Amino acid sequence: MASTPKKRTFAALNHTFLFVMSLTFLAPFLWMVLASFKPLTEVEQLNPWPKHWMPQNYAEVFRQVPFAKYYFNSVFIAAWTTFLQVVTSAMAAFAFARLKWPGRDTVFKLYLGTMMIPGVVTMIPNYAIMVKMHLLDSYLGLIVPASFTAFGTFLLRQFMLTIPPALDEAAAIDGARPWTVFVDVILPLARPGLITLAILSFMGNYGSFFWPLILIKSQYLRTLPIGMLFFDSTYGRETNLIMAASVMNIIPMIILFVSTQKYLVSGIQLGAVKG
Amino acid sequence: MMKKNKGDLLPALGFIAPNFIGFLIFTVGPVIFSLVVAFTSWNLEEPGPLKFVGFGNFIDLAHDENFHLYMLNTIYMMIGIPISIAGSLGLALLLSQKLKGIVIYRTLFYLPSFTSGVALMILWINLYNPEFGPINSILNSFFSAAHVAGHAPDWLLSTRNLFGMDVEHVRFTSKQFGLGARDAIIIMGVWMGLGGNNMLLYLAALTNVPEDLYEAAKIDGAAKWALFKNVTWPQLAPTTFFISVISLIGGFQAGFEQARVMTQGGPANTTTTISYYIYSQAFEQFKMGYASAISWVLFVIISVMTIINWKLGNRESAY
């Protein structure tokens, strides 16, 4: 179909509108980045462009708070939680999607049902469990309770259901045991799903706020969100430093997102398809 | 092949065990325990055995005027939901026009939702600063350029709202009319959510609308708006329904992070939502019993809303 002038005008209008929308979405980010390079006196001025560039603001953040430690804690906790979530979810999803056993659908409905329960309902008993197990204020307490997810199981089950059943049936006829089928047949084919869950899980735990907030007491365990909160309440008037810290907080997220969005988009779209 | 007939029960148990044990300890057990605790006066600062108080917590809650305000706040902040859904649909429609650069736009729109969290909320505290923030600087220069005697909102410091509701008494007053802290949080939420998961879901749904439906309608000479109304919108109904239910469930649980990071629930408790109330009762006042009771009231509200929604949804869209 040849593109008529009318169509071209429509496309141009579309582009203009989308461009303006993009600017609206970007403006707060731009302000944040520019403010992080300003001296404090300039932050309050309307002119967004710094007159004196102050890259040393970033070094100053590291001098005032143990920002490197916050980075380490967030990445360390998110990485372990992600690893455990993916392993346990993949195994459970395999049992739900590829094995036949009595009670399977009942147990799966139980899993689905709990996804609707507000997080605050389980928060208090989980806190009590941590107190009893002496896991308050510890890496273990931050990692273990977050490592089992009904959502992850659900997401991977959806992925595994799209794999043709003939494949593992053929392997089973050849005498392969379920573990072999799982490792050699299903896991490689479910790779996009595993990657999607890993990204979602990593991002969720990297930005996790409620649980670390109630669990962490000591400075050396603070994750980025908790560290940011205390940095803001202590040095909140130094907007340029706070903005530098915020920029450093979200840069890993942006890199991860841009490099993995292919998986992320398809995963989110698949996760919403009711199974 | 003999094994197949007996089912894969034993291997299945092995595969599910790691996840299921964690699920029992950190989800199922806590749900049951939480229900028990809701009927006790358990306070973390007073050690000793659990004291059962029957429906005491729930009766207190019914008379708790703060709770009524916080419920109102929670519902008020859901104004953002329809705005956000409509915006997500609009963006998805634009992006689905097979333009060049769609991936770049999609990335930009998704950015706020992907990076949302404490860092961005701290950013918005500064954007909303009534004296020095860029939002009011722009508004004020606009007012002075247009020679309007306007006064930019005090945003996070203000109890004003779109309905002119008074905080202390149930009445309406023009002094309270305007934009305040709750609206500031709503606007930020729309910015964060507009290009997020909902937009992606709409994009996926739009690509699944059968092309021949459009072709048939075009032959009938339907205009663009008629195409949307008669073809696109009905085809998107299941997606819209799904997004609405999820948003509603989320809406009742929302506001904790915003209140904790941005406002401490103020001014005059106008940004305290149910979830922030539960947090402050449990982890600042240590009233675990009362907090559990509130969380169960929240749970019941969410369940009832969801069931009503499913009933309505099943009737309206024959899916």
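Q: What distance separates the centres of domain 1 and domain 2 of chain B?
A: In this predicted model, the two centres, taken over C-alpha atoms, are 30 Å apart.

Q: Which residues belong to each of those domains in chain B?
A: The domain assignment places 30-60 and 287-319 in domain 1 of chain B, and 80-270 in domain 2.

Q: How many residues does each domain of chain B give to the contact?
A: Domain 1 of chain B contributes nine residues and domain 2 of chain B contributes seven residues. On the side of domain 1 that touches domain 2, five residues are nonpolar, four are polar and none is charged.

Q: And chain A, what are its domains?
A: The assignment for chain A gives domain 1 as 5-57 and domain 2 as 60-271. Their centres, again taken over C-alpha atoms, are separated by 33 Å.

Q: How many residues of the two domains of chain A are in contact?
A: In chain A, 11 residues of domain 1 are in contact with 10 residues of domain 2. The elements giving two or more residues to the domain 1 side are helix H1 (5-36), helix H2 (40-43) and helix H3 (56-64) of chain A. H1(A) supplies the largest share, four residues. By type, that side of domain 1 of chain A has seven nonpolar residues, three polar and one charged.

Q: Let us turn to chain B as a whole. How many helices and strands are there?
A: Chain B has 15 helices and zero strands. Its C-alpha trace spans about 80 × 75 × 35 Å along the principal axes.

Q: What percentage of chain B counts as buried?
A: Of its 319 residues, 41% count as buried. As for the contacts in chain B with a separation of 6 or more, 63% are between residues 24 or more positions apart.

Q: How many residues does each chain give to the contact between A and B?
A: Chain B gives 66 residues and chain A gives 62 residues. Helix H2 (residues 9-37) of chain B provides the largest share of the chain B side, 17 residues. The chain B side divides into 45 nonpolar residues, 19 polar and two charged.

Q: Which residues touch the most other members of the largest nonpolar core?
A: They are Phe94(A), Ala95(A) and Ile122(B), in a core of 136 residues. Helix H4 (residues 67-98) of chain A gives the most to this core, with 13 residues.

Q: What is Ile122(B) in contact with?
A: Apart from its neighbours within four places in sequence, Ile122(B) is in contact with Met228(A), Asp232(A), Ile242(A), Ser246(A) and Val261(B).

Q: How far apart are the ends of helix H12 of chain B?
A: H12 (residues 224-252) of chain B has 29 residues, and its end C-alpha atoms are only 36 Å apart. A straight helix would reach 42 Å at 1.5 Å a residue.

Q: Where does the kink in H12(B) lie?
A: A kink of about 50° lies at Ala237(B), shortly before the proline Pro238(B).

Technical notes:
Residues are numbered from 1 along each chain as its sequence is written. Chains are lettered from A and ligands numbered from 1 in the order in which they are written. This is a predicted model: local features need pLDDT of at least 70, side-chain atom pairs count only at pLDDT 80 or more; totals for chains, interfaces and linings use all residues. The expected span of a helix is 1.5 Å times one less than its number of residues. The bend at a residue is the angle between axes fitted to the seven residues ending there and the seven starting there. Ala, Val, Leu, Ile, Met, Phe, Trp, Tyr, Cys and Pro count as nonpolar, Asp, Glu, Lys and Arg as charged, and the others, Gly among them, as polar. A residue is buried if 20 or more other C-beta atoms lie within 10 Å of its own, exposed if 12 or fewer, and partly exposed in between; C-beta atoms are placed from the backbone. Domain bounds come from an automatic or database domain assignment. A nonpolar core is a set of buried Ala, Val, Leu, Ile, Met, Phe, Trp, Tyr and Cys residues joined through C-beta atoms within 7 Å.
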